[in-house]
Amino acid sequence: MASASQVEEDLATAVAFMQLAIQQAKIAMDSLEVPVGCVIVEDGKVIASGRNRTTETRNATRHAEMEAIDVLLEQWQRTGISVAQVAEKFSNCILYVTCEPCIMCAAALSILGIKKVYYGCANDKFGGCGSILSLHSGSSEHQFSDEGSQRKGFTCTGGILASEAISLLRSFYEQGNPNAPKPHRQPVHQPGN
């Protein structure tokens, strides 16, 4: 069991890295994207960062986590490491993300075998780390049919700088999402209007 001082140190470390993820979320918001950001850490050093880029790329899969994962995969492919080495490297990485990974991202993180995830606020609509599904757990409840895609599971801790993450999301949605689809139907006018 971890000592109280170790728990405090771990929390301080998580807060420091989550602040970097919050910076990425602010960059996303400045780019008119839903403000979610992340960093991936290995051996106490940030090795990749990401922010939502779904509108910019016109690709709904370009969530912050997928952006950071792709940065790492590209770096690692350039160095010529094997698939087994990539899996080993992911097993030593920790993700800090401002909002609970969605089902898509949680599944990808589980397949990749990331070690641990810290997130800010819960994702009550699409959360894959406990809010909707628990894809981070190693249970067989939501296994994939392809045997090559076995989930490894990872530990997950939420609530790190949650109020800051919620504040960013609230600000974004209160100003109105300028990239949201426009309604297709015209408002119904009443006679005499």
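**Entry 1: contacts along the chain.** I began with the contacts between residues at least 6 apart in sequence, and in this predicted model I found that 56% of them join residues at least 24 apart. I then looked up burial for the protein chain and noted that buried residues make up 37% of its 193 residues. The protein chain exposes about 11100 Å², of which carbon and sulfur atoms supply 52%.

**Entry 2: order of elements.** I counted six helices and five strands in the protein chain, and reading along the sequence I wrote down the pattern α-β-β-α-α-α-β-α-β-β-α.

**Entry 3: helix 3 and helix 5.** Two packed helices are described by the angle between their axes and the distance between the axes, and I looked up both. For helix 3 (residues 64-78) and helix 5 (residues 103-112), the axes come within 9 Å and cross at roughly 30°. Because angles under 35 degrees count as roughly parallel, I recorded helix 3 as roughly parallel to helix 5.

Which residues of helix 3 meet helix 5? I listed E65, M66 and I69 on the side of helix 3, and M104, C105, A108, L109 and L112 on the side of helix 5. The residues of this contact divide into seven nonpolar, no polar and one charged.

**Entry 4: helix 5 and its cover.** I noted C105, A106, A107, A108, L109 and S110 as the buried residues of helix 5. What covers these buried residues includes helix 3, together with strand 3 (93-99) and strand 4 (116-121). Last, I checked the residue just after helix 5, which is G113, and found that G113 takes a positive phi of about 85°.

Conventions
Residues are numbered from 1 along each chain as its sequence is written. This is a predicted model: local features need pLDDT of at least 70, side-chain atom pairs count only at pLDDT 80 or more; totals for chains, interfaces and linings use all residues. Side-chain values use heavy atoms; hydrogens and water are left out. Axes are lines fitted to C-alpha atoms, for helices over the stretch in contact, and angles run from 0 to 180 degrees between N-to-C directions. Helices (H or I, at least four residues) and strands (E, at least two) are DSSP runs, numbered from the N terminus. Angles under 35 degrees count as roughly parallel, over 145 as roughly antiparallel, 65 to 115 as roughly perpendicular and the rest as oblique. Contact means heavy atoms within 4.5 Å. Ala, Val, Leu, Ile, Met, Phe, Trp, Tyr, Cys and Pro count as nonpolar, Asp, Glu, Lys and Arg as charged, and the others, Gly among them, as polar. Buried means under 20% relative accessible area, exposed over 50%, partly exposed in between (1.4 Å probe, protein chains only). Accessible areas come from the Shrake-Rupley method with a 1.4 Å probe; for residues, only the protein chains shown count as cover.
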